[in-house]
Amino acid sequence: MLKDITIGQYFPGNSFLHRLDPRFKIVMTLMYIVMLFMGNEIYSLIFGMVYCATAFFLSKLPIKLFGKNIKPLLPILLMTAILDIIFIREGTVYFQLGIFKLTEDGVFTAVRMIVRIIFLIIGSSLLTYTTSPIQLTDAIERLLSPLKKLHFPVHSFAMMMTIALRFIPTLMDETDKIIAAQKARGAGFDSPKLKDKAKALVPVLIPLFVSSFRRAEELATAMECRCYRGDVGRTKMKIMKAGMNDIISFIFTLIMLCAAITVVVLF
Amino acid sequence: MVILRTEELTYQYSIGTPFEKTAVDHVNLEIEEGTFVGVIGSTGSGKSTLMQHFNGLLKPTSGHIYIKDKDIWSDKNNLRDLRFQVGLVFQYPEYQLFEETVYRDIAFGPLNMGLTENEVRERVYEAAAFVKLTEEQLEKSPFSLSGGQKRRAAIAGVMAMCPSVLILDEPTAGLDPMGREEILAEIKNYHKKTGCTVMLVSHSMEDVSRYADKLLVMNKGKMFCYDDTKEVFKRAEELQKMGLAVPEVTRICIELKNRGIPLDDSIYTVDEAVKQILEFYKSKNGGEVLC
Ligand SMILES: Nc1ncnc2c1ncn2[C@@H]1O[C@H](COP(=O)(O)OP(=O)(O)O)[C@@H](O)[C@H]1O
Ligand SMILES: [Mg+2]
């Protein structure tokens with residue numbers, strides 16, 4: 001059940017996108033998000049969409065994967081779209097029924113929002129699907145390293161993220177096990193009543209917290225036993241080096257972003 | 001009466017992905033009421049997966065499970081009642097304790113059954129007595145108990161539901177020899193007093209063989225055999241090849257037999273071995289035992 005969640009998962013591979021320097025991938029993802037959220041006209045979305053399609057093509061991942069991510073969000077997307085349509089009353093009126101008005105602005109806002117959110121999810125999934133968690137945190141540590149001058153604990157921050165990501169599957173497994181064990185004692189997960197469902201969470205959450213603390217303590221002890229003391233004097237096994245592909249991709253992203261800005265400013 | 005029966009029971013994990021794995025493979029099994037069944041098999045042989053079918057936590061990919069001659073998946077609404085009939089204690093059950101006091105944790109199952117307060121109290125005290133938890137310990141927080149006591153509290157939580165079939169998945173994993181002995185003796189005692197069917201899962205034959213009437217041996221998802229303990233031990237050498245550690249004394253006896261001492265081929269207790277070896281020497285020395 002919980003295993004079906006694929007957001008934030010990594011799918012090993014050797015595509016163009018997999019091989020890019022993770023630092024560049026993060027920066028380019030941020031640029032892509034800016035592209036996507038710039039301008040208020042429908043056509044300003046086109047740059048983001050084209051860019052996303054290119055990246056998807058280069059990732060060699062099956063499109064099914066993304067559908068699975070978006071499906072659980074559909075109800076929320078539809079809700080917001082409907083609210084937009086109902087409450088935005090400016091613009092040309094297409095259709096009116098009592099106080100309900102279907103306007104041009106309302107429809108545009110709704111469409112724009114849905115497209116933006118879907119593409120935001122696909123784009124950021126592309127980053128995590130093609131970059132292992134270790135690479136990702138390593139890249140974040142490097143990108144943030146200028147902040148060390150301001151005494152921001154960049155290394156600890158990255159280490160915390162690595163550990164958190166590492167333990168997501170473990171905790172999911174554990175949750176499944178605890179749910180099964182409490183079900184075996186007749187816990188009411190299957191009851192249709194919301195109150196029963198909420199109550200049934202207690203026997204799952206408490207053991208989960210207890211074991212998380214236990215794991216945290218064990219991990220801390222194990223790290224200390226191996227003389228871990230933060231990043232002082234620590235070297236890296238894998239040194240990141242930007243290659244030709246990274247630079248080309250970056251320039252392409254930059255051109256797309258500039259084009260998008262130009263279009264939005266000029267028209 | 002047959003209390004539990006399976007028909008071509010098969011279960012596959014992660015169907016349709018590269019990780020697809022047949023964990024239980026066409027198992028046909030019939031267990032008589034009141035039997036103490038030992039379930040053995042090396043790690044990954046599908047013991048836990050099989051056990052989770054008996055109280056409806058896993059739905060078979062194909063095949064059927066009958067409890068008291070009723071297909072458990074014929075009516076989904078009865079699944080919850082089924083879980084009270086077939087009590088399952090998971091591996092490392094101490095990690096599922098959550099209540100403020102041991103008493104309330106043991107009472108969780110009986111309360112879910114909708115019993116009255118008096119009945120619940122009776123059940124809790126009865127179960128606590130089986131696993132030798134004192135009244136004083138019942139009022140403590142479960143998190144303040146020792147490892148062995150936590151394990152016993154968790155087992156009591158399932159015993160308190162008075163299931164007709166009690167399944168314990170590796171209840172002695174990670175305990176010291178003393179704690180292991182104690183828990184096994186308590187389970188045996190529970191079986192004797194209540195007369196219910198008990199299934200004890202273990203990868204250690206040593207643990208299981210002394211208590212079980214019958215042994216179910218799993219190998220790579222398939223049922224290798226289900227027979228009287230004594231009969232199963234006749235195939236000790238096959239078991240060893242499957243990666244199961246047969247008891248020390250069985251190994252010694254097999255070795256002795258290979259060297260020409262005519263011993264029975266299914267010895268698994270030290271007492272039995274001593275008896276037969278003494279008999280052999282008696283007959284050899286004309287009835288006299290030196291030493
Ligand atoms: N949740 C799961 N998802 C996928 N495969 C699993 C899962 N649980 C167990 N398996 C696989 O099924 C097989 C049987 O496992 P299990 O029933 O736990 O064996 P045992 O209890 O005898 O050690 C193993 O090969 C294991 O890798
Ligand atoms: Mg197991």
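**Entry 1: a histidine in chain B**

Leaving aside its neighbours within four places in sequence, which residues is B:His53 in contact with? I started here, keeping in mind that this is a predicted model. I found B:His53 in helix α1 of chain B, which covers residues 47-54. Its contacts beyond those neighbours are B:Leu9, B:Tyr11, B:Leu58, B:Lys59, B:Pro60, B:Ile65 and B:Ile72. I then looked up its accessibility: B:His53 counts as buried because its relative accessibility is 0%, and the cut-off for buried is under 20%.

**Entry 2: a valine in a strand**

Next I went to B:Val86, which has its place in strand β6 of chain B, residues 86-89. Is B:Val86 buried or exposed? I noted a relative accessible area of 0%, so B:Val86 is buried. Not counting residues up to four places away in sequence, B:Val86 touches B:Phe54, B:Asn55, B:Ile67, B:Pro163, B:Val165 and B:Ile167. I also checked a distance: B:Arg121 is 35 residues from B:Val86 in sequence, and their C-alpha atoms are 21 Å apart in space.

**Entry 3: the nonpolar cores**

I looked up the largest nonpolar core, and it has 50 residues. The members that touch the most others are B:Ile106, B:Met159, B:Leu166, B:Leu168, B:Val217 and B:Leu239. I picked B:Ile106 and, setting aside residues up to four places away in sequence, found that it touches B:Val124, B:Ala127, B:Leu133 and B:Leu138, as well as B:Ala153, B:Ala156, B:Gly157 and B:Ala160. Another core, of 34 residues, lies apart from that one, with B:Leu58, B:Phe90, B:Ile167 and B:Val201 among its members.

**Entry 4: a hairpin in chain A**

I moved to chain A, where strand β1 (residues 93-97) runs antiparallel to β2(A) and four bridges join them. In one of these pairings, A:Phe95 has A:Leu102 as its bridge partner. Two residues sit between the strands of this hairpin, and A:Gly98 takes a positive phi near 65°.

**Entry 5: where the chains meet**

A:Ala184, A:Arg185 and A:Gly186 supply 42% of the area that chain A buries against chain B, more than any other three residues. I found one salt bridge across this interface: the side chains of A:Arg185 and B:Asp105 meet at 3.1 Å, N to O.

Key: Residues are numbered from 1 along each chain as its sequence is written. Chains are lettered from A and ligands numbered from 1 in the order in which they are written. This is a predicted model: local features need pLDDT of at least 70, side-chain atom pairs count only at pLDDT 80 or more; totals for chains, interfaces and linings use all residues. Side-chain values use heavy atoms; hydrogens and water are left out. A nonpolar core is a set of buried Ala, Val, Leu, Ile, Met, Phe, Trp, Tyr and Cys residues joined through side-chain atoms within 4.5 Å. Buried means under 20% relative accessible area, exposed over 50%, partly exposed in between (1.4 Å probe, protein chains only). Contact means heavy atoms within 4.5 Å. Two strands pair if DSSP finds at least two bridges between them. Buried area is the accessible area (1.4 Å probe) that two parts lose on being put together, summed over both. A salt bridge is a side-chain nitrogen of Lys or Arg within 4 Å of a carboxyl oxygen of Asp or Glu.
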